[in-house]
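The following exercises guide a reader through one structure, each with a worked solution. Please keep the sequence and the model in view while working.

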Amino acid sequence: MALVSVKDLHKSFGELEVLKGIDLEIEAGEVVSIIGRSGSGKSTLLRCLNQLERHDWGTIVLADQRLDGTAMSPGELSRNVGMVFQSFNLFPHKTVVENVMLAPVVVKQTPRDEARRIAESVLAKVGMSEKVDAYPAQLSGGQQQRVAIARALAMNPKVLLCDEVTSALDPELVGEVLRVLEDLASEGMTLILVTHEMKFARDVSDRVVFMHQGRIHESGDPQTLFSQPRTPELSQFIASVL
Amino acid sequence: MTLDFSTLLPYTDQILHGLMTTLWLTAVTTMAGIALAIVVAYLRDGASKGRPTLVSRLLGGYVEVIRNTPFIVQLFFLFFGLPALGIPISATVAALLAMILNLGAYTAEILRAGIDSTQRGQHEAARALGLSRLQSFRHVVLVPAFSRVYPSLISQCIIVMLGSAVVSQISVFDLTYAANFIQSRNFRGFEVYLVVTLIYLLLAVGLRLAFEFVGRRLFAFRQGGSA
């Protein structure tokens with residue numbers, strides 16, 4: 001049984017149909033990159049997976065539980081799915097370690113000292129142990145994004161969703177964030193990434209999904225997909241980004 | 001005319017008494033008014049995302065009534081109106097209640113501006129981490145919202161402190177009441193009001209400095225710099 005199973009997923013914003021029937025199965029430990037032009041629905045798909053957007057039709061099954069708005073509470077959902085955003089979205093009034101501790105303490109009711117230990121260990125994993133007491137405003141973009149990854153990991157999710165996590169970074173800071181994701185991938189974390197980093201998608205993913213006009217247009221293992229695209233849309237896309 | 005401040009000396013106790021009353025009225029009002037404003041802002045904020053509920057309409061009505069009527073009328077309404085409805089109320093309680101309701105309404109509106117300017121990503125990050133709406137409001141939204149509107153909040157609290165002079169009209173023994181009392185005995189209006197004016201000025205400046213001191217600690221995260 002797949003960890004994430006999406007069937008016939010539809011989502012519209014008003015008149016505009018953004019997702020026109022998505023079927024996708026993702027196994028535990030798999031790293032899946034979703035690529036495509038802006039407006040192709042990749043971020044919306046990702047946001048449906050943790051219900052930041054409610055889908056209109058279709059089913060999402062996550063770890064044997066259906067996500068249908070009411071079936072899983074936000075608290076439960078957050079134990080299964082973590083999310084990292086393009087714009088980091090750290091809480092500015094909390095220090096690095098407080099950012100990471102917040103959800104375990106408030107949502108999971110983890111005792112503070114235990115939450116602190118968890119926070120320190122995930123911060124060590126992303127290489128941010130030196131900055132536990134800094135405020136987000138005192139960090140570089142790359143550091144903020146690594147803290148955001150640690151914050152998501154502190155809930156011990158089964159899947160980590162990454163929505164263009166390097167797009168807001170200065171080019172020289174992209175590497176440090178991708179390295180953290182690579183480490184997570186090699187540890188067996190299930191990652192679903194919407195990304196414009198084609199090299200990363202090719203080198204680290206187990207599978208690449210190309211979205212076009214609200215549908216999965218082509219998908220497969222990265223080597224084949226990038227070297228032998230089957231559809232003209234994908235070849236055009238690859239030509240335009242490489 | 002000659003100024004003779006020694007005529008005030010026999011009334012030092014009254015001035016101190018009035019000053020203490022003004023101080024504690026302001027202190028209690030500031031704390032209770034801000035607490036009230038947080039509750040009102042939260043309940044109204046929830047409604048703004050869906051259709052307005054009865055609670056949010058009532059709170060909206062409360063905020064509008066307070067902001068569009070004179071404070072002295074609000075005070076008289078409580079002090080003379082409630083007993084007429086069979087609810088006995090002392091002058092001090094009426095004064096305190098009027099001040100809290102007044103500050104609560106203005107601050108709720110100030111705070112709402114701060115809450116509305118919260119970036120969408122903050123709400124989304126909180127939701128993705130599994131925080132409920134109340135948890136998100138309390139742990140994520142509230143402090144940055146306060147920090148953005150803090151200067152307006154300081155001014156509003158000072159306005160209420162100065163506005164508390166009005167409670168002398170229902171014979172609450174505040175600083176203004178003390179002044180009226182003294183000048184009706186010694187007929188040295190100029191000296192009395194000069195002194196009382198200076199005291200109010202010092203109170204206002206002191207209150208602002210105290211608020212700024214607290215703000216620097218509370219909102220240290222805004223100062224940035226290296227860790």
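**Exercise 1: The surroundings of a proline**

Task. Determine which residues A:Pro222 touches, leaving aside those up to four places away in sequence.

Solution. The model is a predicted one. Setting aside residues up to four places away in sequence, the contacts of A:Pro222 are A:Ala201, A:Arg202, A:Ser205 and A:Val208. Next, locate the residue: A:Pro222 belongs to helix 8 (residues 222-227) of chain A. Then decide on burial. A residue is buried if 20 or more other C-beta atoms lie within 10 Å of its own. A:Pro222 has 20 C-beta neighbours inside 10 Å, and therefore counts as buried. Finally, A:Leu169 stands 53 residues from A:Pro222 in sequence, and their C-alpha atoms are 24 Å apart in space.

**Exercise 2: The two sides of a helix**

Solution. Begin with the dimensions. Helix 6 (residues 171-186) of chain A contains 16 residues, and its first and last C-alpha atoms are 24 Å apart, close to the 22 Å expected at 1.5 Å a residue.

The next step is to find the packing partners. After helix 6 of chain A comes A:Gly188, with a positive phi near 95°.

**Exercise 3: The largest nonpolar core**

Task. State how many residues the largest nonpolar core has, and which have the most contacts inside it.

Solution. The largest nonpolar core has 133 residues, and A:Val100, A:Ala150 and A:Ile192 have the most contacts inside it. Its largest share, 14 residues, is supplied by helix 4 (residues 91-116) of chain B. Taking A:Ala150 as an example, its contacts beyond four places in sequence include A:Val100, A:Val122 and A:Met128.

**Exercise 4: Annotated spans of chain B**

Task. Identify the residues of chain B that the UniProt annotation "transmembrane region" covers, and describe residues 190-211.

Solution. According to the unreviewed UniProt entry, the annotation covers residues 20-43, 75-101, 153-178 and 190-211 of chain B. Residues 190-211 of chain B are 100% helix and 0% strand, with end C-alpha atoms 31 Å apart. For residues 153-178 of chain B, the values are 58% helix, 0% strand and 28 Å between the end C-alpha atoms.

Notes:
Residues numbered from 1 in each chain as written. Chains lettered and ligands numbered in written order. Predicted model: local features only at pLDDT ≥ 70, side-chain atom pairs only at ≥ 80, totals over all residues. UniProt positions renumbered as here; feature names shortened; annotations may be inferred. Helix = DSSP H or I, 4+ residues; strand = E, 2+ residues; numbered from the N terminus. Core = buried A, V, L, I, M, F, W, Y, C linked by C-beta atoms within 7 Å. Buried ≥ 20, exposed ≤ 12 C-beta atoms within 10 Å, placed from the backbone. Contact = placed C-beta atoms within 7 Å. Expected span 1.5 Å × (residues − 1).
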